[in-house]
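These are my notebook entries on a single model, set down in the order in which I looked things up.

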Amino acid sequence: MGWNFDTARRRIDELMNSVPEVKTEGFAEEYLPRFHMLAESARSKGLHFDSKPLFSLQNSEAVIVDGVHVYAKLVNYDDYRLSEGTETEKSHARALNFLHIHYSACDRVVENCGAQRVDFHDGRMHAVVIEPLGANNEGIRVAKAILLAEQLKSLSASAVQRFRDNDFGSDYRFGIDTGVCVATNNGIRAEQEPLFLGSAANHAAKLAEGNQTGIYLSDRAEAALKQISISSTRNQFEKFVDERPTYRLDENALPEVMRAASSSTFGVDDLLENWQSDIRSGVSGVASSPAEFVFHAHSLPLRNIDYQDLMPSNSIRMGMISIFGDLDGYTKYIDGAMTNRQKISNAVRNLHVIRGEWANVIQKDFAGRKVRFIGDCIHGVLADGEGTTTDKAETIRQAVHCAGGLRSSFGICQGLLPDAHQLGLAIGFEFGPTPITRLGIRGERSVRVASSIARTISEAEQQRCNGVETAIGPVAFEAASQAARALFSVDKKSANLDYDSAYLGAPAAVSAPAISTKSDSSFRAHSEDGPWSRQ
């Protein structure tokens, strides 16, 4: 196992040649009419057609969407992953059962509110409210997002009592922002990867971070809500929304537009009864609760994991590295690209190439497994050993090398892709026992989950890095070799840790570019226009 410059360069060239031209469309004026036409044509022929707009986009499509983004975070999720301060098989099963109910509740509420679930990220959900369309309806979309948050809190609490009859409880923090983003997707089968790129989605995610519960609106979302002109309730409403940071639905202070936003939805009691009825009737695709989780150790390497085989009764659990890589600066980059459709196409194609190579490094070079892409991030898992037994020390050593390989491959991408020089890469990783399974709705919309404290810490480690840094978690640091610890001697972080530095065990110079040191006559900076615009 290991990273190689020539191999990586060849893969990146192949990705650049295989990524198709990206067609960019506006959601309301171009994409949605075409989607409805295709849906009607399929139904008239008796063919199956996925009725969820934007979910099954091809990697040759990018759609400009004006919507309200909602992130729902389970603040107390980590409490369920621990038993007396330790992760055990029993505590992991308990936490995943809790998450199973949460995902099921989320999907029901999202559909009920006329929104669309984008993805789940461990204890977080990302959803988007797109309708009613039009700039003049932005306030109503924000109101529907608040309704979604309130209904999710109520349904989750009711479902836990009805299905579990124990001490499960859901503490939520919601982040809501509104604005234009770019929707795209490059997933297949059981690995769908829908995502929204842009500051509205990114800011909603940041607002959802933190341990205080409540509904947190961005200034843009609050301004849109205040613009709703309801003469009879205007004064009450302005006073109501100024009570930051938490926004609650109060029937006595509820504007008429909020009532209108909820008029076409079921109440929580009806949603719960429909849920139970679906379970009793064995409706296809319904996630029943509680689920019985049965764990096994996967035969190494992890890259052989087939997510389609996983379910609660067939879940993986073993010691492994969780690794996160984040494309630093991409949100600003895509926001700037939205001024020109060709620039959007280039930005999306760059993302496909970079993320594709990151997956190659994890899976092909280090025999790990990509769990999912999360926006402009990648989450992967690694384990080294024999049979089903993880060698902790060797796994950590390989994780250091993998982090270096990710940065070296990214350096090649920076030199070849238009505008990629303005981006950075932040990496974090940690070791710990981690279960891997699929939860929620069965089939293609099921959710791939690698959920553990190591996963939480690895993401947090990545988030404390800038675009040239790599951070190692405390468990991995303590178990690492002396040479590996020397690489992370300053605050458990290392600057410009490429593969050569990681392999040789010598920290890279702070001023060095984050690329491999190996020379190649064909490795050169892109032109001002770049390769995409010449195609």
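**Entry 1. The start of H14.** I began where helix H14 starts, and found a side-chain oxygen of serine 452 within 3.4 Å of the backbone nitrogen of alanine 454. I note here that the model is predicted. Helix H14 covers residues 453–463, and I then listed its buried residues. They are Ile453, Ala454, Arg455, Ser458, Glu459, Glu461 and Gln462.

**Entry 2. A serine within H4.** I next looked up serine 104, which lies in helix H4, residues 89–112. Is serine 104 buried or exposed? Its relative accessibility is 6%, so I record serine 104 as buried; the cut-off for that class is under 20%.

**Entry 3. H11 against H12.** I then turned to helix packing. Helix H11 spans residues 330–337 and helix H12 spans residues 341–365; their axes come within 8 Å and cross at roughly 150 degrees. That angle makes H11 roughly antiparallel to H12, since angles over 145 degrees fall in that class. Which residues make the contact? From H11 I noted Tyr330, Tyr333, Ile334 and Ala337. From H12 I noted Lys343, Ile344, Asn346, Ala347, Val348, Asn350 and Leu351. Sorted by class, this contact holds eight nonpolar, two polar and one charged residues.

**Entry 4. H1 against H12.** Helix H12 also meets helix H1, residues 5–18; I read that the two axes come within 10 Å and cross at roughly 140 degrees. I therefore record H1 and H12 as oblique to each other. The crossing of H1 past H12 is right-handed. On the H1 side I listed Ala8, Arg11, Ile12, Leu15 and Met16. Facing them in H12 are Arg349, Val353, Gly356, Glu357, Asn360, Val361, Lys364 and Asp365. This contact divides into six nonpolar, two polar and five charged residues.

**Entry 5. Cis peptide bonds.** I went on to the backbone. Most residues other than glycine have a negative phi, and most peptide bonds are trans. I looked up departures from both patterns. The bond from glutamate 131 to proline 132 is cis, with omega near 5 degrees. Proline 132 sits in the loop that links strand E4 (124–129) to helix H5 (138–164). A cis bond also joins leucine 300 and proline 301, where omega is about 10 degrees. I placed proline 301 in the loop between strand E8 (295–296) and strand E9 (315–328).

**Entry 6. Positive phi.** Where does aspartate 122 lie? I found it in the loop between strand E3 (116–121) and E4. Aspartate 122 is not a glycine, yet its phi is positive, at about 60 degrees. Its relative accessibility is 9%, so aspartate 122 counts as buried. Alanine 367, in the loop between H12 and strand E10 (369–374), also has a positive phi, near 55 degrees. With a relative accessible area of 5%, alanine 367 is buried.

How values were computed:
Residues are numbered from 1 along each chain as its sequence is written. This is a predicted model: local features need pLDDT of at least 70, side-chain atom pairs count only at pLDDT 80 or more; totals for chains, interfaces and linings use all residues. Side-chain values use heavy atoms; hydrogens and water are left out. Axes are lines fitted to C-alpha atoms, for helices over the stretch in contact, and angles run from 0 to 180 degrees between N-to-C directions. Helices (H or I, at least four residues) and strands (E, at least two) are DSSP runs, numbered from the N terminus. Angles under 35 degrees count as roughly parallel, over 145 as roughly antiparallel, 65 to 115 as roughly perpendicular and the rest as oblique. Contact means heavy atoms within 4.5 Å. Ala, Val, Leu, Ile, Met, Phe, Trp, Tyr, Cys and Pro count as nonpolar, Asp, Glu, Lys and Arg as charged, and the others, Gly among them, as polar. A crossing is left-handed if the near helix is turned anticlockwise from the far one by less than a right angle, and right-handed if clockwise. Buried means under 20% relative accessible area, exposed over 50%, partly exposed in between (1.4 Å probe, protein chains only). A polar contact is a pair of N or O atoms within 3.5 Å; within protein, one must be able to donate a hydrogen and the other to accept it, and residues adjacent in sequence count only if both atoms are side-chain atoms.
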